[in-house]
Amino acid sequence: MTPILEVQSVNKRFGGLKALDDVNLTVMEGTVHAIIGPNGAGKSTLLNCFVGRLVPDTGTVTFAGQSLIGKKPHEINQAGVSRVFQTPEIFEDLTVLENVMIPALAQRDGAFRLHGWHPLSREAEIRDKAERALADVAMADRRNMPSGSLSRGDKRRLEMAMCLVQEPRLLLLDEPTAGMARADTNATIDLLKRIGSERNITKVVIEHDMHVVFSLADRISVLAQGHVIVEDAPENIKGNAKVQEAYLGG
Ligand code: ADP
Ligand code: MG
């Protein structure tokens with residue numbers, strides 16, 4: 001297996017707080033790598049360092065052999081990294097289909113050229129791609145609905161479609177099932193499994209729900225107080241004393 005994402009000795013401070021403390025992590029291509037840990041452990045901060053929203057104080061982040069340090073979010077996105085945010089970031093006033101067309105356009109044209117875009121209705125090829133991504137998340141029938149009227153679970157699936165339409169090599173998901181009812185959670189697990197088998201997308205999943213983690217992950221890194229305390233296969237994580245201590249102590 002080839003590493004697709006390599007994180008070495010990453011440190012990040014917010015004033016006096018050491019949010020990331022010498023983080024090391026290797027994600028293999030084609031796998032699902034989960035990052036778990038108590039609230040405030042630094043999981044979202046780490047993800048922000050992968051997508052260029054934050055720059056580590058020290059350390060390296062390498063994607064497919066390319067350093068991501070100093071790259072802008074849209075450059076990292078165009079290199080093949082997409083992200084589902086912890087809080088949905090969709091345009092509530094636009095339709096479901098329009099929301100999926102925008103990232104596809106951004107991917108093709110670059111974020112800055114979007115200002116001079118053509119009417120969305122003339123973008124037939126982009127529209128087709130967006131329709132396919134919506135079919136992948138079983139939302140084709142909702143394509144003309146205003147996105148603001150969707151249920152919470154459907155908003156998350158819409159976000160997933162907004163990522164898939166970009167055909168990423170690496171998909172980063174920050175708590176993809178947060179706030180979902182069990183049925184939606186299970187549908188999301190199935191969806192993520194399907195995405196894995198039909199296309200070669202590597203996934204990094206931050207997740208609180210252990211049912212989701214153990215259903216999906218090939219490998220798990222446990223973060224506590226900014227540091228990776230354990231990295232192992234799922235079957236070795238459950239009974240691990242250090243992990244239990246981190247959760248109980250957190
Ligand atoms: P997690 O996602 O694991 O719950 P975060 O990465 O969001 O944790 O946060 C890690 C720590 O860094 C927390 O103590 C949080 O309060 C702090 N933190 C996160 N972002 C900022 C910021 N922009 N400024 C200051 N402190 C922050
Ligand atoms: Mg978080």
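Visitor: Why is A138 called partly exposed?

Guide: In this predicted model, A138 has a relative accessibility of 47%. Buried means under 20% and exposed means over 50%, so 47% puts A138 in between, as partly exposed. You'll find A138 in the loop between helix 4 and helix 5.

Visitor: What is the phi of A138?

Guide: Phi sits near 60° there, a positive value in a residue other than glycine.

Visitor: What makes a set of residues a nonpolar core, and how many residues has the largest one?

Guide: The members must be buried residues of the nonpolar kinds, joined through side-chain atoms within 4.5 Å. The largest such set has 33 residues, and V100, L134, V137, L158 and M160 have the most contacts inside it. Helix 3, helix 4, helix 5, strand 7, helix 6 and helix 7 each supply at least two of its residues. Domain 1 and domain 2 each give this core at least three residues.

Visitor: Which residues does M160 touch?

Guide: Leaving out residues up to four places away in sequence, M160 touches V84, V137, L173, T188, L191, L192 and I195. Apart from that core lies another one, of 27 residues, including I4, V27, F50 and V61.

Visitor: Why does the largest cavity get counted?

Guide: The count takes cavities of 30 Å³ or more, and the largest has a volume of about 50 Å³. So it passes the cut-off, and the count comes to three cavities. Its lining includes C49, L54, K71 and I76.

Visitor: What makes K71 the charged residue of that lining?

Guide: Lys counts as charged, and K71 is in the lining. By class, the lining divides into seven nonpolar, two polar and one charged.

Visitor: How many residues of each class line the second largest pocket?

Guide: Four nonpolar, eight polar and four charged. The pocket holds about 180 Å³ of space, and among its 16 lining residues, N39, G40, A41, G42 and K43 lie nearest its centre. Strand 2 and helix 1 each supply at least two residues of that lining.

Key. Residues are numbered from 1 along each chain as its sequence is written. Chains are lettered from A and ligands numbered from 1 in the order in which they are written. This is a predicted model: local features need pLDDT of at least 70, side-chain atom pairs count only at pLDDT 80 or more; totals for chains, interfaces and linings use all residues. Side-chain values use heavy atoms; hydrogens and water are left out. On a 1 Å grid over the protein atoms alone, a cavity is a set of points where a 1.4 Å probe fits but cannot get out, and a pocket is an open set with protein on both sides within 12 Å along at least five of seven lines; lining residues have an atom within 4 Å of a point. Grid points are joined across faces, edges and corners, and a volume is the space filled by probe spheres set on the points. Buried means under 20% relative accessible area, exposed over 50%, partly exposed in between (1.4 Å probe, protein chains only). Helices (H or I, at least four residues) and strands (E, at least two) are DSSP runs, numbered from the N terminus. Domain bounds come from an automatic or database domain assignment. Contact means heavy atoms within 4.5 Å.
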